[in-house]
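Here's a walk through a two-chain model, taken one region at a time. Keep the viewer open while you read.

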Amino acid sequence: MDYFEPKSLDEALSLLAKHGHEAKVIAGGTDVMVDIKYKEEPGCLVNIKKISGLGGIQENGGSLRIGSLATIRDVETSSLVRDKLPVLWESAHQFASLQIRNTATIGGNICRASPSGETLAPLLVLEAKGKLAFSEGEKTEPFMSFFQGPGKTSLGTKGLLTEIDVPFPAEGSRGVYLKHAVRGAMDIAMVGVAVLITPDAARNTLQDVRIGLGAVAPTPIRASKTEALLRGKSLTVALLKEAAAMAAAESSPISDQRSSGEYRRWIVEALTRRGLEQTWKAATGKEVA
Amino acid sequence: MSVTINTKINGQPISASAEASTSLLEFLRDTLEMKGSKLCCNTGECGACTVIYNGRPINSCVTLAADANGAEITTIEGLADGDKLHPVQQAFIDTGAVQCGYCTPGYIISVKALLDRTTKPTAEDIEEAVSGNICRCTGYNKIVDAIHLAADRIAGRA
């Protein structure tokens, strides 16, 4: 196996252009090292951790700029993330063990494009965007279109994610991230549901609703039909029930060793209901009538 | 392809070569013959391989050995001062927090990292610090007792 430690983004991009499909990018390594030990060694490993300027978390106007090499622990311990993006904070907090959070990077969690990637459903409801670098130039892409399948993203084999731009949610909005797993944070999510709602000025109706579902489709998804059903309405018991069932119908989970597809659908329904109930109460001060 | 790794382990500068795909755990155990850090799940789930990397506890089994270049690493071998055990090691013995012992080096490293951060850990701090370490023998209560005892001794409360 060849091994490279590029010192600059340009150097890394030309290595990826040259080695293409053979090359595997490594940052924290918490997933890639397991692949090397249990699956197969890539032809060449490109370690991007020595590239400067890819870390850090800063406020940038109305959004937060998170460097792709920021660790999950950096995200979890950032007071900016905790104050401004509690939905993302929650997913970083429920992310495996302290040892893993100290090593794993947010860029790695995103580029791995696992449907169950902990931060992905929160990033979808926050309408975050990625800055993608290629040897031909840079582009910004919303994460809504970035994920193309398990392990597949619009980076292909030649691009690198350099930063993540997360806009602050609207004033008065409330969000939650709910994870279902057998052994709490240590386990990979069977289902993850992120809900972000913004009430109207009178706090009577849902002006904006965003529901992100993780681990229940080939990529993390937004439950867009459910969102459309809820938008502009007041949350009633009947509507809550209908919305939760619709979110479950929008999911297309597989059965695997962690749970059956049928069970995952039940959990999507339960967590969507719980997430909407909690955020509605928090945002409007009212019970679901 | 072989890489040269210049690092500092338990305060000692070390230079050695290893295959590029080597994990930090394999580098410690097989290249440097330091067998204190344990190989168990080899996937970053059980914590038996925990070492302190630039002040933070990490799983050495899912860390690239090449990332040790320029880093400061503390392993279980670096805790005792001659025959005098580190307070965390002594507390594990005194409370009976050890049975088969395989997970113990990883626990002691995680607890040392915790007590380097604070000598007044809350129940939540303790749970967070060792949630990535699995013990199949003790049932955890005695480990929590050991953490409290070590914290009290380090802070001079016991």
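## A glutamine to start with

Which helix of chain B does B:Gln90 lie in? B:Gln90 is part of helix α2 of chain B, residues 87–94; helices here are DSSP runs of H or I with at least four residues, numbered from the N terminus. At 29% relative accessibility, B:Gln90 is partly exposed (buried is under 20% relative accessible area, exposed is over 50%, and partly exposed is in between, with a 1.4 Å probe and protein chains only). Setting aside neighbours within four places in sequence, B:Gln90 is in contact with B:Leu85 and B:Arg153, where contact means heavy atoms within 4.5 Å. B:Gln90 and B:Gly156 are 66 residues apart in sequence, and their C-alpha atoms are 15 Å apart in space.

A quick word on the ground rules: this is a predicted model, so local features need pLDDT of at least 70 and side-chain atom pairs count only at pLDDT 80 or more, while totals for chains, interfaces and linings use all residues. Residues are numbered from 1 along each chain as its sequence is written, chains are lettered from A and ligands numbered from 1 in the order in which they are written, and side-chain values use heavy atoms, with hydrogens and water left out.

Chain B splits into domain 1 (2–78) and domain 2 (87–154), with bounds that come from an automatic or database domain assignment. Taken over C-alpha atoms, the centres of domain 1 and domain 2 of chain B are 21 Å apart. On the domain 1 side of chain B, 15 residues are in contact with 13 residues of domain 2. Domain 1 and domain 2 of chain B bury about 1,100 Å² between them, with 66% of that on carbon and sulfur atoms; buried area is the accessible area (1.4 Å probe) that two parts lose on being put together, summed over both.

How many salt bridges does the rule find across the interface of domain 1 of chain B and domain 2 of chain B? The count there is 0, using a cut-off of 4 Å between a side-chain nitrogen of Lys or Arg and a carboxyl oxygen of Asp or Glu.

Over in helix α1 of chain B (residues 24–31) you'll find B:Asp30. B:Asp30 has a relative accessible area of 49%, so it counts as partly exposed. From B:Asp30 to B:Pro57 is 27 residues in sequence and 21 Å in space, C-alpha to C-alpha.

## Where the chains meet

Between the chains, 32 residues of chain A are in contact with 31 residues of chain B. Chain A and chain B bury about 2,400 Å² between them, 52% of it on carbon and sulfur atoms. On the chain A side, A:Tyr3, A:Lys37 and A:Gln99 supply 26% of the area buried against chain B, more than any other three residues.

The rule finds 5 salt bridges across the interface of chain A and chain B.

## Inside chain A

Chain A is assigned domain 1 (2–167) and domain 2 (174–284). The centres of these domains of chain A, taken over C-alpha atoms, are 25 Å apart. Here 22 residues of domain 1 of chain A are in contact with 25 residues of domain 2, and the two domains of chain A bury about 1,800 Å² between them, 66% of it on carbon and sulfur atoms. In domain 1 of chain A, A:Gln94, A:Pro115 and A:Val125 lose the most area to domain 2, together 29% of what that side buries.

Between domain 1 and domain 2 of chain A the count is 3 salt bridges.

## Rings and charges

A search of the whole structure turns up 3 aromatic pairs over all chains. A:Phe143 and A:Phe146 form an edge-to-face pair, at 5.3 Å centre to centre and 90° between the planes (rings of Phe, Tyr and Trp, the last by its six-membered ring, pair if their centres lie within 6.5 Å; planes under 30 degrees apart are stacked, over 60 edge-to-face, and the rest tilted). Both A:Phe143 and A:Phe146 lie in helix α9 of chain A (residues 143–146), 3 residues apart, about one turn of the helix. A:Phe146 and A:Phe147 also form an edge-to-face pair, at 5.2 Å and 85°. A:Phe143, A:Phe146 and A:Phe147 form one aromatic cluster. A:Phe143 is buried at 1% relative accessibility, A:Phe146 is buried at 0%, and A:Phe147 is buried at 9%.

Charges sit over rings too: A:Arg82 lies over the face of A:Trp89, 3.9 Å from the ring centre, and the charged end of A:Lys84 sits over the ring of A:Phe168, 4.9 Å from its centre. The rule asks for NZ of Lys or CZ of Arg within 6 Å of the ring centre and within 35 degrees of the ring normal.

Conventions. Helices (H or I, at least four residues) and strands (E, at least two) are DSSP runs, numbered from the N terminus.
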